[in-house]
Amino acid sequence: MKTFHRIRIAISMLNPPAFRIKAQPCEACNNPILVKFDDNEHMVRCIRCGANPINMSVIAAIKAHAPNLESSMVYELSFKGPLFEYLNKNTGQLSYSEYLDNVEPGEYIDGIQCQNVEHLTFPDDSFDLCTSVDVFEHVADDVRGFSEILRVLKPKGLFIFTVPMHENPETVERATIQNGKLRYLLPPEYHDDPLRGANSALVFRDYGRDVSQRLKAQGFSTVDLVPHDQSAWWGFGRSVVVAAK
Ligand SMILES: [Zn+2]
């Protein structure tokens with residue numbers, strides 16, 4: 001059933017002129033074949049686990065910077081997808097969560113813990129590694145979120161994550177919450193949300209090159225922007241932020 005579902009999704013993604021296939025191991029599951037269904041970072045996939053170049057960029061950075069996963073306490077800010085599957089298989093102890101509407105942080109619904117990254121319920125110094133893929137552009141107070149991740153990391157712990165990066169030198173705020181009310185500063189833009197559906201996650205900001213300064217201002221000791229391997233995924237892939245407590 002799962003295979004049939006994947007094939008159906010693959011056919012619906014296909015743009016025949018852009019279709020390419022090549023022998024290259026998936027960073028997530030080592031399956032040797034990658035497919036490009038269309039000229040889009042979301043449309044390059046491992047046909048076994050569904051990882052795209054964003055997932056693979058993060059996993060490559062984890063392998064390079066946090067190699068001792070099997071003895072690590074790790075926190076990932078989602079409960080499904082290729083990065084979650086990779087961490088679940090390779091990590092000593094994995095904590096994971098979702099932001100769930102109308103659920104108190106720390107509570108569980110159907111085995112999934114609710115967490116709000118602006119107010120995490122974990123004790124200080126809990127994790128060796130925290131990870132997220134394209135989450136922080138949707139966090140209303142990202143600076144507060146960064147300081148919470150810093151708090152729950154152990155000394156020298158790493159925060160490895162992606163956000164869509166823009167060419168602008170400075171981050172541009174698109175929306176904000178003032179006095180409890182949402183205010184748009186630019187026309188609203190949305191991304192797909194795995195729980196809430198297509199175009200349901202508001203983008204609060206477009207990150208620029210100053211993302212490193214935003215993290216350092218919260219107390220991270222070093223922040224590196226690790227470039228992706230341009231030759232690996234038909235040129236797609238992401239710079240990954242690797243920040244150390
Ligand atoms: Zn794979």
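**Exercise 1. Find which elements the buried residues of α3 pack against, and name those residues.**

Solution. Step 1: the buried residues of α3 pack against α2, β4 (73-76), β5 (93-98) and β8 (127-133). The model in which this is read is a predicted one. Step 2: helix α3 covers residues 82-90, and its buried residues are Pro82, Leu83, Phe84, Tyr86 and Leu87.

**Exercise 2. Describe the surroundings of Asn55: is the residue buried or exposed, and what does its side chain reach?**

Solution. Step 1: the relative accessibility of Asn55 is 9%. The cut-off for buried is under 20%, so Asn55 counts as buried. Step 2: its side chain reaches the backbone nitrogen of Asn52 at 2.9 Å.

**Exercise 3. Work out the geometry of the zinc site and the spacing of its donors along the chain.**

Solution. Step 1: the protein donors are the SG atoms of Cys26, Cys29, Cys46 and Cys49, lying 2.3 Å from the zinc ion. Step 2: the angles among the 4 donor atoms run from 101 to 116°. Four donors count as tetrahedral if all angles lie between 85 and 135 degrees, so the site of the zinc ion is tetrahedral. Step 3: along the chain the donors follow the spacing C-x2-C-x16-C-x2-C. Step 4: the pair Cys29 and Cys49 links distant parts of the chain, 20 residues apart. Cys29 lies in the loop between β1 (20-23) and β2 (33-36), and Cys49 in the loop between β3 (44-46) and α2 (53-65). Step 5: Cys29 has 19% relative accessibility and counts as buried, while Cys49, at 22%, counts as partly exposed.

**Exercise 4. State the strand order of the sheet that holds β1, and say which strands stand at its edges.**

Solution. Step 1: 3 strands form an open sheet in the order β1-β2-β3, with antiparallel pairing. Step 2: β1 and β3 each have a single partner strand, so one side of each is left without a neighbour in the sheet. These two are the edge strands. Step 3: the twist averages 20° from one strand to the next. Step 4: β2 and β3 are joined by 3 bridges, and Lys36 stands opposite Val44 in β3.

**Exercise 5. Trace the sheet of 8 strands and place the helices α2 and α4 on it.**

Solution. Step 1: the open sheet has the order β6-β7-β5-β4-β8-β9-β17-β16, and its pairing is mixed. Step 2: β6 (108-109) and β16 (222-226) stand at the edges, because each has a single partner strand. Step 3: α2 packs on this sheet, touching β8, β9 (153-162), β16 and β17, and its direction makes about 155° with that of β9. Step 4: helix α4 (residues 142-152) lies across β8 and β9, at about 140° to β9. Step 5: β16 runs antiparallel to β17 (residues 240-244), joined to that strand by 5 bridges. Val226 has Val240 as its bridge partner in β17.

**Exercise 6. Locate Asp229 and give its side-chain contact.**

Solution. Step 1: Asp229 is found in the loop between β16 and β17. Step 2: its relative accessible area is 44%, so Asp229 is partly exposed. Step 3: its side chain makes a polar contact with the side chain of Ser231 at 2.7 Å. Step 4: Asp229 and Asp110 are 119 residues apart in sequence and 38 Å apart in space, C-alpha to C-alpha.

Conventions. Residues numbered from 1 in each chain as written. Predicted model: local features only at pLDDT ≥ 70, side-chain atom pairs only at ≥ 80, totals over all residues. Heavy atoms only, no water. Donors = N, O, S within 2.8 Å, 3.2 Å for Na, K, Ca; no water. Tetrahedral: all angles 85-135°; square planar, octahedral: opposite > 155°, others 65-115°. Helix = DSSP H or I, 4+ residues; strand = E, 2+ residues; numbered from the N terminus. Buried < 20%, exposed > 50% of the residue type's maximum accessible area, 1.4 Å probe, protein only. Polar contact = N/O pair within 3.5 Å; in protein donor to acceptor, adjacent residues only side chain to side chain. Contact = heavy atoms within 4.5 Å. Pairing = 2+ DSSP bridges. Axes fitted to C-alpha atoms, helices over the stretch in contact; angles between N-to-C directions.
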